[in-house]
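Please look through the structure below with the sequence beside it, and then follow the paragraphs that come after it.

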Amino acid sequence: EDDIIELAAKHLYIQHGSDSQPENVKETVRDCIKISLLEAKSEEKLIQMIHTAHAQSSFLSSRQKADLVKAEVVDYAREKWPIFFSRFFEVTKQSGPPLPKSKFIVAINWTGITFLDEREKRLLELSFPEVTGVNTLR
C-alpha cells in the first residue's frame with residue numbers, strides 16, 4: 001500500500017507539478033488505484049494519503065523536474081519488479097537430469113536468470129554469481 005501511495009504521489013507530481021488541488025488528487029486516485037484497494041479503503045482516505053505523500057515528498061523540496069521523477073518511477077519499478085525488465089527466451093531441455101517439465105522460459109535481467117513454466121510460475125531463480133557456465137546449441 002505504501003508503494004502504491006508513493007507511486008501515485010509521483011504520478012500526481014508528473015501530471016500536475018506541485019499543484020495538489022483536491023480535484024487533481026481525486027483524478028490521480030482514479031487513474032492509479034485499482035478497484036480492490038478503493039473498496040478496501042475509502043476514496044477520501046486514499047486522497048488524503050496521496051495528498052500527504054505529495055506534500056512530504058523529496059521531489060518537491062529539491063525542485064526536481066518531471067523527467068527526473070519519471071526516471072525515479074522507472075528505477076523503482078525496475079528494482080521492485082525485475083521480471084518486467086527481462087529478456088525472455090523459450091527453452092527446450094535436450095539432455096540432463098529429469099525435470100518435471102521439458103519446455104520452459106528463461107528470463108534474464110539485471111538480477112540474474114529466472115526459469116519460468118508456460119504459465120509464468122517461477123521454477124528456479126539464479127543470481128549471476130551462481131551461474132558457473134552456459135552452453136548453447138543453435
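F85 lies in the loop between α6 (66-80) and β1 (87-92), where helices (H or I, at least four residues) and strands (E, at least two) are DSSP runs numbered from the N terminus. This is a predicted model, in which local features need pLDDT of at least 70 and side-chain atom pairs count only at pLDDT 80 or more, while totals for chains, interfaces and linings use all residues. Residues are numbered from 1 along each chain as its sequence is written, and side-chain values use heavy atoms, with hydrogens and water left out.

With a relative accessible area of 39%, F85 is partly exposed, because that term covers values between buried (under 20% relative accessible area) and exposed (over 50%), computed with a 1.4 Å probe and protein chains only. Together with V74, W81 and F84, F85 forms a nonpolar patch on the surface, with about 440 Å² of accessible area for the four residues together. Such patches are made of residues with over 30% relative accessible area and no salt bridge, with like charges joined within 9 Å and nonpolar side chains (Val, Leu, Ile, Met, Phe, Trp, Tyr) within 5 Å; the areas come from the Shrake-Rupley method with a 1.4 Å probe, and for residues only the protein chains shown count as cover.

If residues up to four places away in sequence are not counted, V25 touches L12, S20, I47, I50 and H51, contact meaning heavy atoms within 4.5 Å.

Finally, consider the charged side chains. The whole structure holds 7 salt bridges, each defined as a side-chain nitrogen of Lys or Arg within 4 Å of a carboxyl oxygen of Asp or Glu. One of them joins the side chains of D3 and K80 (3.4 Å, N to O), and this pair links distant parts of the chain, since D3 is in helix α1 and K80 is in helix α6, 77 residues apart. By contrast, K70 and D67, whose side chains also meet in a salt bridge (4.0 Å, N to O), both lie in helix α6, 3 residues apart, about one turn of the helix.
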